[in-house]
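Subject: Structure handover

Hello,

Here is the structure for you to look over.

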Amino acid sequence: MTSKQLVVIANEIQNDFNINNFPDDLLILIFNFVPFESLFKINLVCKRWYNVIIDEQHWKFKCLKDWQLPTSFFQNQSFLLSLLELDKLPNYFTLYSLLFKKFKSTQLFTRTLTFWTSIETWLKTNYPQVLSTLQPPTTAKEFEDFSNATGYKIPEIMKIIYSFHNGQIIEFDEATTNKQRRESFNSYLYGLFGGYNYYDQLANIRLFSLSTIQKIPKKKPFSSMENKIPFAKDVNSAKCFLIDCETGIIEVFANGQIQSCINDSKASNDSMLLWFEHFTKNLTTNYKIRKLEGIG
């Protein structure tokens with residue numbers, strides 16, 4: 001074979017593998033491996049690439065696959081609208097963009113979505129009274145107001161978790177404590193963590209809303225917990241759970257001491273997520289309903 005023939009064959013191969021000759025379906029498959037933020041650059045290459053990249057069916061598939069959004073979110077849109085602070089759902093490309101802008105990591109989002117869905121499903125069947133105490137998603141303004149008022153820089157993982165529910169608000173939060181004993185309210189034992197089951201001791205730990213955290217006076221023991229946000233507390237003792245604003249590590253304060261909640265030495269910025277996942281696993285596999293007498 002002559003060198004001229006080799007050149008002809010090489011040119012034919014090059015033409016065959018020219019990306020512009022690929023069908024749209026193949027281009028979509030390739031673009032699925034491109035980081036989302038880079039798509040905003042490559043969609044400027046040419047009109048065809050732009051049309052392929054913004055194709056609605058492609059982005060519907062991406063929303064369902066990457067963010068693992070359940071179809072129920074689209075059938076009952078209220079939660080998704082609340083989550084993204086929207087009046088109506090946009091097209092799928094814009095929806096993906098909004099999710100990426102707010103949550104950054106699809107992995108952290110899907111892990112959070114999974115445990116909240118599991119908790120809500122379990123509570124709906126077993127303890128709807130506790131489910132009713134969970135608050136709507138935290139808004140961007142609520143996050144901003146909280147940081148401005150407290151000086152706390154909320155760790156990203158706490159933002160993601162609280163983006164689904166702004167903690168709990170229960171009935172005795174509105175009580176005048178010097179006139180009304182909080183124990184008189186059934187909701188006294190509606191803590192998210194453990195109010196429906198206990199072993200040798202009663203565990204009834206509430207997930208604070210941002211407004212509740214903001215009201216916590218900065219006196220002992222909290223005055224010694226600089227740069228740590230108390231996000232959950234046992235209503236029967238001084239035991240409380242904290243997240244370090246710099247490291248994201250979860251700690252527990254009990255018996256006058258602070259120690260780490262997560263034994264995994266690799267756990268740092270996602271330890272709050274690991275803590276929730278551990279609780280969810282126990283809740284959905286090991287817990288048995290044992291409501292306290294006279295409650296619920």
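A crossing of two helices is left-handed if the near helix is turned anticlockwise from the far one by less than a right angle, and right-handed if clockwise. By that rule, helices H9 and H14 cross in the left-handed sense. Please keep in mind that this is a predicted model.

**H9 against H14**

H9 covers residues 106-126 and H14 covers residues 271-285. Their axes lie 10 Å apart, at an angle of about 35 degrees. From H9, the contact uses Leu-108, Arg-111, Thr-112, Phe-115, Trp-116, Ser-118, Ile-119 and Trp-122. H14 answers with Leu-273, Leu-274, Phe-276, Glu-277, Phe-279, Thr-280, Leu-283 and Thr-284. Sorted by class, the contact of H9 with H14 has ten nonpolar, four polar and two charged residues.

**H12 against H14**

H14 also packs with H12: the two axes come within 8 Å and cross at roughly 40 degrees. H12 and H14 are therefore oblique to each other. On the H12 side, the contact is made by Ile-157, Met-158, Ile-161 and Tyr-162. On the H14 side, Met-272, Leu-273 and Phe-276 take part. The contact of H12 with H14 has seven nonpolar residues, no polar ones and no charged ones.

Is H12 itself enclosed or open? Seven of the nine residues of H12 (residues 156-164) are buried, so this helix is largely enclosed by the rest of the structure. The buried residues are Ile-157, Met-158, Ile-160, Ile-161, Tyr-162, Ser-163 and Phe-164.

**Aromatic pairs around Trp-67**

The structure holds 16 aromatic pairs. Trp-67 and Tyr-96 form an edge-to-face pair, with 5.7 Å centre to centre and 70 degrees between the planes. Trp-67 sits in the loop between helix H5 (56-66) and helix H6 (72-75), and Tyr-96 sits in helix H8 (residues 92-103), so the pair ties together parts that are 29 residues apart in sequence. Both ends are buried: Trp-67 has 0% relative accessibility, and Tyr-96 has 4%.

What is the geometry of the pair of Trp-67 and Phe-109? The ring centres are 5.2 Å apart and the planes stand at 85 degrees, so the pair is edge-to-face. The cut-off for that class is over 60 degrees. Phe-109 lies in helix H9, so this pair ties the loop between H5 and H6 to a part 42 residues apart in sequence. Phe-109 is buried too, with a relative accessible area of 0%.

One aromatic cluster takes in Trp-59, Trp-67, Phe-73, Phe-79, Phe-93, Tyr-96, Phe-103, Phe-109 and Phe-164.

**Two single residues**

Lys-62 lies in helix H5. Is Lys-62 buried or exposed? Lys-62 has a relative accessible area of 6% and is buried. Residues up to four places away in sequence aside, Lys-62 touches Asn-32, Trp-67 and Tyr-96.

Ile-169 belongs to the loop between H12 and strand S1 (205-207). At 28% relative accessibility, Ile-169 counts as partly exposed. Ile-169 and Phe-208 are 39 residues apart in sequence, and their C-alpha atoms are 7.6 Å apart in space. With neighbours within four places in sequence left aside, Ile-169 is in contact with Thr-133, Gln-135, Ser-209, Ser-211 and Thr-212.

Best wishes

Key: Residues are numbered from 1 along each chain as its sequence is written. This is a predicted model: local features need pLDDT of at least 70, side-chain atom pairs count only at pLDDT 80 or more; totals for chains, interfaces and linings use all residues. Side-chain values use heavy atoms; hydrogens and water are left out. Axes are lines fitted to C-alpha atoms, for helices over the stretch in contact, and angles run from 0 to 180 degrees between N-to-C directions. Helices (H or I, at least four residues) and strands (E, at least two) are DSSP runs, numbered from the N terminus. Contact means heavy atoms within 4.5 Å. Ala, Val, Leu, Ile, Met, Phe, Trp, Tyr, Cys and Pro count as nonpolar, Asp, Glu, Lys and Arg as charged, and the others, Gly among them, as polar. Buried means under 20% relative accessible area, exposed over 50%, partly exposed in between (1.4 Å probe, protein chains only). Angles under 35 degrees count as roughly parallel, over 145 as roughly antiparallel, 65 to 115 as roughly perpendicular and the rest as oblique. Rings of Phe, Tyr and Trp (its six-membered ring) pair if their centres lie within 6.5 Å; planes under 30 degrees apart count as stacked, over 60 as edge-to-face and the rest as tilted.
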